[in-house]
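Dear colleague,

I am handing over the structure below, and after it I set out what was found. Please read the notes alongside the coordinates.

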Amino acid sequence: MTTGSSVASRPLFSPEPVDAEPLPLGCQRDLFSLPSHIAYFNGAFLAPLMRPVEEAAIRALFRLRDPSRLGATDFFREADRVRALFAQLVGCDRPERIAVVPSVSYGLAVAARNVQLAPGQSVVVCEGQFPSNVHVWRRLCAARSGTLRRVPLPEGLGRRADRWTENVIEAIDSTTAAVAVGSVDWSDGTLLDLEAIGRRARQVGAAFIVDGIQSVGVVPFDVRRVQPDALVCASYKWLHGPMGVGLAYFSSRFDGGEPLEETWLGRSDSDDLSRLDVSEGDYRAGAARYDMGGRAQFVLLPMLAAALEQLLAWEPARIGRYCVGLLAPLVHQAERLGFRAAHPSQRSPHLFALHPPAGTDLGRLCAALADASIIVSNRRGAIRVSAHLYNDEQDVGRLVAALGSLPLGAGMS
């Protein structure tokens, strides 16, 4: 390493017990409405709604039957509630640092709008990371004569995460204005050492931006440890909320920035609806200035709040440990059938890739699994398996049996 930084030896997620660890979780399938014949290993695509989230939606819809009972405070109450819940989930002691956004791309656009990029400076991203976290930086670099610096994903599965982290750190130098990465790789769950990358970004004064959509809620994330300048999550994956709403943490680096929209809700005196027409108020303090227009969302926000409350009750670390125990036999049996998977220390506990034997027609394989009501994803030449508390040993057994009964290798080509 030529940067003076080193990769931390302790990962953000460890399957090993910790001091005072709470009791382990069991399967929670009864809190979901998944049909019993479906083995759903595709939460990384779209999470099924929990029953408490469905019930929150129904209550919210019924409430809107009679809007005479709504008042000015209702435009603020649920937004402040989800700020507080998400802040607790990610270890933030200041809920005002949380913004309500409609999507990850929106939150990333807020960050990009407020990153100071001079001609000749660079933005570091990872090769193959999700497009939402690439396009916005490519546009910024094109507009300001900067350079988009892509860090290649190392070949092979052994020490892949360690080498990838090292490569990202090596790519950060005195020209770097921003580093934008995913909390895990969206296609195979490869873990980056975010703490080490963040330390290097701070050494050169670069903004550190994290897309957390594929892990926050399952893998513990603490903004006090990672120290991102922005952390953005949509709710419809591992936060188990609805589509159309998400949350973003913004550090003090973005205090005083410019929002994407001039929404009236983002102004300091917007509580007084009787005087909005004469308002000249400044932006609200903290991240509320970055809230999306139409932020009140009388149905979506109560749904998201119900999901966050359940996640906090379960605790991400316990969810992750459940997934580790559940998926270990699956990986072992799949490897006996000729599949390859990264070592657990190199990937997230809930999301990983099974690389099939050479010559396998992966599209046909995934279609055959779907025909057997086993739902996975085809991503980057591998089967992406993603699990949660709605999965159980029976689901794993069905997937193993299906993989063992299907022709692999040249027979599938």
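**Arg 113 and its surroundings**

Setting aside neighbours within four places in sequence, Arg 113 is in contact with Arg 144, Glu 258, Pro 259 and Leu 260. Arg 113 belongs to helix 3, which covers residues 104–113, and with a relative accessible area of 38% it is partly exposed. Between Arg 113 and Thr 147 there are 34 residues of separation in sequence and 16 Å in space, taken from C-alpha to C-alpha.

**Confidence**

Please bear in mind that this is a predicted model. The mean pLDDT of the protein is 91, and 92% of the residues reach 70 or more. Residues 1–19 stay under 50 in pLDDT, although the model has 41 contacts beyond four places in sequence for them. Where pLDDT is low, predicted coordinates should not be read in detail.

The largest nonpolar core has 129 residues, and the members that touch the most others are Phe 86, Trp 137 and Ile 383. Helix 8, residues 300–314, supplies the largest share of this core, with 10 residues. In soluble globular proteins, nonpolar side chains tend to be buried together. Beyond four places in sequence, the contacts of Phe 86 are Ile 98, Val 216, Leu 231, Cys 233, Leu 239, Leu 247 and Leu 308.

Helix 6, which covers residues 194–203, is mostly covered, since 7 of its 10 residues are buried. The buried residues are Leu 194, Glu 195, Ala 196, Ile 197, Gly 198, Arg 200 and Ala 201, and they pack against helix 5 (160–171), strand 5 (176–182), strand 6 (207–211) and helix 7 (223–226).

**Pocket and cavities**

The largest pocket has a volume of about 390 Å³. Its lining is made up of 27 residues, and those nearest the centre of the pocket are Phe 130, Ile 213, Gln 214, Tyr 236 and Lys 237. By class, the lining of the largest pocket divides into 14 nonpolar, 8 polar and 5 charged residues.

There are 2 cavities of 30 Å³ or more, and the second largest cavity holds about 40 Å³ of space. The second largest cavity is lined by Leu 157, Arg 160, Asp 188, Thr 190, Ala 342, Ala 353 and His 355, and this lining divides into 3 nonpolar, 2 polar and 2 charged residues.

**Loop residues**

Most residues other than glycine have a negative phi. Gln 227, however, has a positive phi, near 55°, and is found in the loop between helix 7 and strand 7 (230–234). With a relative accessibility of 39%, Gln 227 counts as partly exposed. The phi of Gln 297 is also positive, near 40°, and Gln 297 is placed in the loop between strand 8 and helix 8, where it is partly exposed at a relative accessible area of 26%.

Thr 263 is found in the loop between strand 8 (246–250) and helix 8. Is Thr 263 buried or exposed? Its relative accessibility is 10%, and Thr 263 therefore counts as buried, the cut-off being under 20%. Not counting residues up to four places away in sequence, Thr 263 touches Asp 291, Met 292 and Gly 293.

With best regards

Definitions and conventions. Residues numbered from 1 in each chain as written. Predicted model: local features only at pLDDT ≥ 70, side-chain atom pairs only at ≥ 80, totals over all residues. Heavy atoms only, no water. 1 Å grid on protein atoms, 1.4 Å probe; cavity = no way out; pocket = protein on both sides within 12 Å on 5 of 7 lines; lining within 4 Å. Points joined across faces, edges and corners; volume = space filled by probe spheres on them. Nonpolar A, V, L, I, M, F, W, Y, C, P; charged D, E, K, R; others polar. pLDDT = per-residue confidence, 0-100. Contact = heavy atoms within 4.5 Å. Core = buried A, V, L, I, M, F, W, Y, C linked by side-chain atoms within 4.5 Å. Buried < 20%, exposed > 50% of the residue type's maximum accessible area, 1.4 Å probe, protein only. Helix = DSSP H or I, 4+ residues; strand = E, 2+ residues; numbered from the N terminus.
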